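Subject: Structure for your review

Dear colleague,

Please find below the structure that I am handing over to you. My notes on what was found in it follow directly after.

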Amino acid sequence: MGCKTKETKNGTLINGPKKLTPLRNIDLNHAPDLVMTFAILAIFCKGKTTIKNISNLKIKETDRIVALKNEISKLGIKVSISSSSITIHGDPKHNFPSKTITIKTYNDHRIAMCFGILQHAIPNLKIENPSCVKKSYPNFWNDLRKLQNKNIILTGMRGSGKTKLGKMLSKKIKKKFIDLDKEIEKLAKSKIKNIVKEKGWDHFRKLEKQISKNFSMQDNLIIATGGGTIINNENYQAFKQNSIIIYLHRLPANSLKYIANDKNRPNLTKEKDQLKDLEKTYKARKETYRQRADHTIKRTDDLEQDLGQILNLLNHPLS
């Protein structure tokens, strides 16, 4: 397929080409466990790939020929099967569906793993029952995460704990932590309250877009966003391709306990009362948060417990 391989003391190192060479026709009767992997790779090869002489796949944990057809079809890729083959019409420039794509695993470890490797290419992919990999590779999701350099975005209302949890998570998984609000203040050389007071919220949002664009082009970061960052569609589009977005959900009354003494955050609405301001903002944003997040964490008052929830999600990033 155009890849270069090299054996090292730590394993096999594979360097991929700019463009994969299509296999066209391949007989995998002698290596049926590789069919799922090559079927997924065929999606990114231009033209038709046929994997043949694989009727034994029908008597594995599930009928893998049918399972591959069903799930690859969800990606918008043309695929056809016979009793002993599968044909995939690949396209490296294919536009995958923008809506959430849920992959059924049929409780089959190899189906879960072969579609799991697509996460980097298809951020909105969800894998059902990811724990089925324990049959052959219990640490699969942990190892996959180590190979990926996606950003982790923590979003939510003020007082949801984005910064505190972000710093704790940074120490745990050794990714650099970025506080977007602090980066905006560095850019403007001014505190947020002064930016808004002197130039208004529209100017602040322009700075936020600039900072969001800059950091969306980097990877391997943990980013605590401002409450309105992901609400803006331009920021969301910039981040979503290379990020796992986690919504930290906390109700306004509970959030207020953590920000009541913060004088650097001017109200977002015309409400002078801070709680009413939070409630009004929460009502306007809550559905967008939920729709745009890959995962939602319901905040408690226990930081360690909530950090554990996040770590669990990252160990099974597609569940």
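In helix 2 (residues 64–73), Arg64, Ala67, Leu68, Glu71 and Ile72 meet His109, Arg110, Ile111, Cys114 and Phe115 of helix 3, where contact means heavy atoms within 4.5 Å. By class, this contact comprises 6 nonpolar, 1 polar and 3 charged residues; Ala, Val, Leu, Ile, Met, Phe, Trp, Tyr, Cys and Pro count as nonpolar, Asp, Glu, Lys and Arg as charged, and the others, Gly among them, as polar. The two helices pack at an angle of about 30°, and their axes are 11 Å apart. Axes here are lines fitted to C-alpha atoms, for helices over the stretch in contact, with angles running from 0 to 180 degrees between N-to-C directions. Helices (H or I, at least four residues) and strands (E, at least two) are DSSP runs, numbered from the N terminus.

Please note that this is a predicted model, in which local features need pLDDT of at least 70 and side-chain atom pairs count only at pLDDT 80 or more, while totals for chains, interfaces and linings use all residues. Residues are numbered from 1 along each chain as its sequence is written, and side-chain values use heavy atoms, with hydrogens and water left out.

Helix 3 also packs with helix 1: their axes come within 9 Å and cross at roughly 30°. Helix 1 and helix 3 are therefore roughly parallel to each other (angles under 35 degrees count as roughly parallel, over 145 as roughly antiparallel, 65 to 115 as roughly perpendicular and the rest as oblique). The crossing of helix 1 and helix 3 is right-handed. Met36, Thr37 and Ile40 of helix 1 make the contact with Arg110, Ile111, Cys114 and Phe115 of helix 3.

A further pair is helix 9 and helix 10 (residues 274–292), whose axes come within 9 Å and cross at roughly 130°. Helix 9 is therefore oblique to helix 10. Here Pro252, Ala253, Leu256 and Ile259 of helix 9 meet Gln274, Leu275, Leu278, Glu279 and Tyr282 of helix 10. This contact has 7 nonpolar, 1 polar and 1 charged residues.

Of its 30 lining residues, Ile14, Thr37, Leu41, Ile117 and Leu147 are the closest to its centre. On a 1 Å grid over the protein atoms alone, a pocket is an open set of points where a 1.4 Å probe fits, with protein on both sides within 12 Å along at least five of seven lines; lining residues have an atom within 4 Å of a point. Grid points are joined across faces, edges and corners, and a volume is the space filled by probe spheres set on the points. The lining of the largest pocket has 19 nonpolar, 6 polar and 5 charged residues.

The second largest pocket holds about 750 Å³ of space. Its lining consists of 37 residues, with Gly159, Thr163, Ile259, Asp262 and Arg265 nearest its centre. Helix 7 (192–216) supplies the largest share of this lining, 5 residues.

Yours sincerely

Technical notes
A crossing is left-handed if the near helix is turned anticlockwise from the far one by less than a right angle, and right-handed if clockwise.
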